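Here are my notes on the model you sent over.

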Amino acid sequence: MTSTPRRWSLLLCAIALAVGTVGAHEASAQAVTTSTVAGQVSEADGQPVAGAQVTVRNTSTGTERGTLTRSDGRYIISGLRPGGPYVMTITMLGFAEERIEGFELGLGQVRQIDVQLRTQAVALGEIRVSTANARNNSGVQTVVNEEAIARAPTLNREIVDVARLTPQAFVVNEDDDGAAISIAGQNNEYNSLYIDGVVNNDVFGLSAQGTNGGQTGAPPISFDAIEQLQIAVSPFDVTQGGFTGGAINAITRSGTNDFKGSLYYQLRNENLAGDSDWRGE
């Protein structure tokens with residue numbers, strides 16, 4: 001027979017393994033809530049500039065992040081808030097300061113911005129700044145910004161109405177309690193909904209929408225609170241996981257010093273109804 005202390009040791013080991021497994025599963029279910037700017041700083045002849053100061057500032061919030069270029073002139077600034085507009089400043093002793101203004105960042109986007117510096121002693125001529133908006137190595141996904149959300153046709157003002165804008169998604173089980181979104185042909189229960197990086201799924205599978213509060217017909221978050229929405233079908237980012245259908249990744253708006261708001265209404269009167277006489281007389 002196994003002694004009592006040995007049985008307690010085996011029990012504690014089993015509990016530790018179970019906790020580690022749950023922790024690993026939770027760590028894999030993450031979502032991207034930021035954007036990244038990367039590129040290379042070089043001289044006019046193509047030689048890399050090491051040690052240049054690269055600063056990115058969000059003009060709407062005033063937040064600022066910066067870094068130094070490496071020996072090959074490359075830099076990367078991650079953890080940036082999607083949106084903008086942003087202003088990038090590149091400074092280096094012996095070179096003229098360069099500024100790139102007014103660019104926007106999409107949710108999960110890796111924006112490539114390469115800059116050529118001119119020496120301070122030489123009169124500045126043409127400076128070419130190349131950007132690659134389409135270079136977004138994040139897999140199959142659709143990013144819907146705030147302007148597109150405002151223009152999206154919606155009757156119920158739900159995330160599903162915007163998520164259907166992606167080609168790989170379509171609505172299923174639409175009824176009075178709401179609608180479910182199927183991504184890449186998978187059941188909606190295999191999707192994951194993230195709000196500011198926090199999973200918001202219906203873990204018990206009680207509602208057709210697959211979201212918390214779906215049985216009551218209530219959306220998981222106010223439609224007006226969403227700043228950007230990302231529908232990821234097959235992301236390359238290893239930090240995104242916990243789904244086999246698709247990930248609906250939403251971030252909420254952040255405050256600025258500018259006062260703004262939204263207003264909408266519904267209108268129905270006799271001009272919107274047809275003639276009750278079906279014979280047309």
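**Notes on the model**

1. Start with Ile181, which sits in strand β11 (residues 178-183). Helices (H or I, at least four residues) and strands (E, at least two) are DSSP runs, numbered from the N terminus.

2. Before going further, some ground rules. This is a predicted model, where local features need pLDDT of at least 70, side-chain atom pairs count only at pLDDT 80 or more, and totals for chains, interfaces and linings use all residues. Residues are numbered from 1 along each chain as its sequence is written, and side-chain values use heavy atoms, with hydrogens and water left out.

3. Is Ile181 buried or exposed? Ile181 has a relative accessible area of 3%, so it counts as buried (buried means under 20% relative accessible area, exposed over 50%, partly exposed in between, with a 1.4 Å probe and protein chains only). Leaving aside neighbours within four places in sequence, Ile181 touches Val160, Ala163, Arg164, Ala169, Phe170, Val171, Asn188, Asn191 and Ile248 (contact means heavy atoms within 4.5 Å). Asp161 is 20 residues from Ile181 in sequence, and the C-alpha to C-alpha distance between Ile181 and Asp161 is 9.1 Å.

4. Ile181 also belongs to the largest nonpolar core, where it is listed with Ile159, Val162, Ile183, Leu229 and Ile248 as having the most contacts inside that 20-residue set. A nonpolar core here is a set of buried Ala, Val, Leu, Ile, Met, Phe, Trp, Tyr and Cys residues joined through side-chain atoms within 4.5 Å. Two or more residues each come from α3 (159-163), β11, β12 (192-195), β14 (226-234) and β15 (247-252). Another core, of 19 residues, lies apart from it and includes Val49, Ile100, Leu105 and Val115.

5. Beyond four places in sequence, Ile183 is in contact with Gln168, Ala169, Asn191, Ile231, Val233, Gly245, Gly246 and Ile248.

6. Ser42, in strand β1 (residues 35-43), is buried as well, because its relative accessible area is 9%. Its contacts, again outside four places in sequence, are Gln47, Pro48, Val49, Val115, Gln116 and Leu117.

7. Now the open sheet: 4 strands in the order β3-β2-β5-β6, with antiparallel pairing (two strands pair if DSSP finds at least two bridges between them). β3 and β6 (98-105) are at the edges with a single partner strand each, so one side of each has no neighbour in the sheet.

8. Which strands does β2 (residues 53-58) pair with? Strand β3 (residues 64-68) is joined to β2 by 5 bridges, and strand β5 (residues 83-91) by 6 bridges. For landmarks, Val56 has Arg65 as its bridge partner in β3, while in β5 Gln53 partners Thr91 and Asn58 partners Tyr86. β2 and β3 make a hairpin with 5 residues between them, and Gly62 in the turn has a positive phi of about 85°.

9. Last, the largest pocket, with a volume of about 630 Å³. Of its 29 lining residues, Pro82, Gly83, Gly84, Glu146 and Glu227 are the closest to its centre. The lining takes at least two residues from each of β5, β6, β9 (140-144), α2 (146-151) and β14, and β9 gives the largest share, 3 residues. On a 1 Å grid over the protein atoms alone, a pocket is an open set of points where a 1.4 Å probe fits, with protein on both sides within 12 Å along at least five of seven lines, and lining residues have an atom within 4 Å of a point. The volume is the space filled by probe spheres set on the points.
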